[in-house]
Structure formats: C-alpha cells, structure tokens
Amino acid sequence: MSYNDIVQSSHPFKLSKTLDLDFLGSCHSMAQFPWDHLSLQTLWAGEMNKPEIRDAWKIVTDQWSGTLVVGGSDTVAVVSPKHPSNGFCVKVIDDSGQDKFCALAWALSNEAPLDPLVVCSRGRMLYVLNAKQKKVVGQLRGHGGEITAVITHPAFPYIVCTCSRDFSARLYDLTMPPREHPNNPHWPPSMLPSLGGAPHGLQASEPEGAGIGRCVAVLCGGPSGGHDAAVLNAAFHHTYPLLATCGLDRAVKIWRLPKMSFDKMAREDKPLFSSTRIHQARVMSVSWLSLDVLVTNSAPALTRHINQKDDLHLEDGTIAIWRWLGFDRFFPPNQPKPSKVMRGCASDYQESSSFKLLSIVPIPQTTRHLHAAYTLKNNYVIAMTLPDRVRLHNVADFKPRRTPPFPLGQDEVTSLASRLHLDDAGDADADTDADADVQVLSPPVKGRDIVAPEAEEGLQAAVVGFHGLSLMALGSRGRVWIWTDTTD
C-alpha cells in the first residue's frame, strides 16, 4: 500500500506502546536509530559492504532497530523497546546548569562501524556517546552560541554538521582527534595566526576538547554571504557535496562542502545559493526531496496592514516545496566530477532569484516540529507536530501554486498607483484593508491526524521511522508514544 493510501485510510497507525521518561525533566528532542540491513550498500559509499561485515551489520541493525535517544534537562536516555538491555542514561553536569539537550543524532565511525554513536548538544558543547559501551567518548567545544541542530551525513555517517546561534554551521569528523592548539589563518597585516575565535568562524585559543571528533570546516555567518542570525537547521545532499541551511534571518542557503583535511580547518563564507524570498518568517527546517528539489517550513510571520502601524497580526507559517534552478549550472549532467573550484557570483550568495516555487501551503500557527521521511513506496511523508496530535501529509498531495493574474487588472493597477507616495506619512486615502505583501498559496492539503492520548498539548517532536512503518512522538514531560503501521 502506498503512503498516499495510508494517509487517507481511517486507521493508518495503531498505538502500540507508551514510555514514561519523566526522570529526564523537560524534553525537547529525540532521534531514532536510522539504519537497516540495506543501509550498508550506501553508507561509506558502499566501501564497507563486504561479506565479513555484512553479517555482523545485520546483527547490529536487528539489535538497535527502533532504539530512541531522548534529550532531557541534563540527561540523555537511550531507550530500546525491543531490547531493554541496550538502554542507558548519561548525565552531564556543567557550570551553568541551565541548558538542555536540544539536538540529537546517530552516527558511525570508520574505526568501529559496528558501534553506534550518539551525538548530542547541550548549550554550546557537543558530546559523543558510544551506545554500545554506554559512555561518553567525545566532548567538543567550538561554537560561540547554543547549538540548535545536529545532522549526520546520510552517506558518510562520521561527518556531522552542527548549527548554532552564533550565525555559523560547523562540520565535524568523528574519525579525528580534537585539536590541541588552534590553527587559524593570519589576517593581514599581521603575520601571526588570528585569535578571533568562534564569532569569526575560527578556533579558540584553548584545546578543542577530549576524546574523538574534530572541527574540519566552518560555514561562517556575516554580511559577505553567510547567515545574519541564528542557524536553525541543515540538511546534507544524499549524493552531491552540498549542504542546505536555514535560519532566523529567513534565509535558505546552499553550500558546497569545502575540502576537508587533517591539518587545516576549512572556512567558507559564500554559499552557492541564498534567498530570503521563499518565506516571510524564520525558516525552521530544510530537507532535500531530490537532486534539486527541497522542502522548507517557516514559523508564523508578524505582519501589519498597510498604513495601520498598530494593527499587528500573525500570519500562518508555510511549507514550501521549491526547485533550485542553479543545480545544473554548478553540476553539469555531462561532467562526471564536480569542479575543484566552485564559486557563484554576488547574485548567488547575497539574494538569489535562482529558484522556482512549486507549492506553498499554510500550516497551523501551533506547529512545533516538522519531519520529512522517505518511505518504502518512494514517497515522502511529512510529520507535523501539533500540541496534542501529529498530522501526516504526503508530499505527492501538495498542489501547484495558483497562477497569479497577469497582466494585472485595471482596478489593481489603479489601487497600486494610488498607494505610491514620497512622504513618510503615506497617503491617507490608500486602501488600508489590503496586506503589504500577499503570497500566492497552493490549495490546502488534507492530512491525517494521529491523536496522542493524554498529551495535554505537550507534544514537542515526532519522527517517522522504519521507512514509514512507525511513528514516534515526544511529550515535554518525557512521555513517548509509539505507533506502528496496521496495513499489510
């Protein structure tokens, strides 16, 4: 059965289990073990798909399938409904005691590919846990602000991206040890290494950390092309060296992954694409759907009506499906390998128009989290977390945008001309009921609501696992709801 049928059926999922993890305190994030038996064909570009590893990998995926990692106030819990003996908790005590574990992800290392790793963040610190050994094996610093997201590369699971409120994103290699001394470039006219630190996308003067993990690249923020506010989420491209980021500045950016080396930390401040025209408010998440198609979602936008400065209201956030038109320009189809030097022009990394909106639909203002997942039937499903339920949408159900009228009607041209003015006060006779900027939206999309019993408007996140065969939701007080597919 396709996921389109699942979403439209009367009972797509059955609540199979609830877990109470109230000892974690306030919970905000979780991540499910993402790999199965067939994942070895794509991980490490297929280099680990060998007979001597294949059997052991099957045992590992059977053992850890369905395992969740949940972040609490000061504790990370690994919970396995199928194999309770795999569960454990790690408590981290720092000086502040105020930051929560806000971002989690699973990872793997080349040295021990059969030992799953958990990468989690608390404040500006990054921790690496060995799930098999049940202990912390890495503790890293580098960001100058709170880490907001942790993302693992889909093909190279030892590469991890972290997003932060210091306007930057960093790439870490879990096969390398931390740096003991900074290796920053010099800024002319000085001939000594810079001591700018994290705000400038550089290393601080103290050691990077202990255990495993090293920052190998920084995607810097700033007016030259980077983000101008907190970076909230990121997504690796599945097959090309690309990373998409989004943030509080309403911008979506696509970066070419810089060349990574053991000795020198790469630094990039000019993406291949950047635009703030896709959404009207902060962009909360980004995911790749195909080679050049992405899906992003935004929070509600605070707007006002024309010439009504005190009439503020919130407009619904949106989900946008759009195509990056510059993909073939940077990665020509007849060119087997990407160019060594790849740099866009100012119209690419400052405010690009090289995109096409395919569909854009409003979402409820109470939306707290979105998760896009690939299913067994070659469909993408979006799990939208609402206060007391999870709403499922099939991406195939999203309709194209309505075509805006052109040429403009005479009445509309006259109305626009009447609002032209040179003074700050504006024209008193202008149409005060029209909005300053009206987006052309697609028709509404009908989804399927999965209600979480006794959620009490406390749902924080939801993830779709097992290629669309399971659904898990997390409550703010540590309760986890697990649904399983009831179709054949």
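The model is predicted, so local features need pLDDT of at least 70 and side-chain atom pairs count only at pLDDT 80 or more, while totals for chains, interfaces and linings use all residues. Residues are numbered from 1 along each chain as its sequence is written, and side-chain values use heavy atoms, with hydrogens and water left out.

**View 1. Helix α2 from end to end.** Helix α2 covers residues 51-64; helices (H or I, at least four residues) and strands (E, at least two) are DSSP runs, numbered from the N terminus. Just after α2 comes Gly-66, with a positive phi of about 85°.

View 2. Look here for Ile-53, Trp-57, Val-60, Thr-61 and Trp-64, the buried residues of α2. They lie on the same side of α2, because they cover an arc of only 95° around the axis (from the directions from the helix axis to the C-beta atoms). Buried means under 20% relative accessible area, exposed over 50% and partly exposed in between (1.4 Å probe, protein chains only). Strands β4 (75-79) and β6 (101-107) are among what covers these buried residues. On the other side, Pro-51, Asp-55 and Ile-59 are exposed.

**View 3. Val-464 and its contacts.** Val-464 sits in strand β30 (residues 459-465) and counts as buried at 9% relative accessibility. Leaving out residues up to four places away in sequence, Val-464 touches residues including Gln-32, His-371 and Leu-471 (heavy atoms within 4.5 Å). Ala-31 is 433 residues from Val-464 in sequence, yet their C-alpha atoms are 9.9 Å apart in space.

How values were computed: The expected span of a helix is 1.5 Å times one less than its number of residues.
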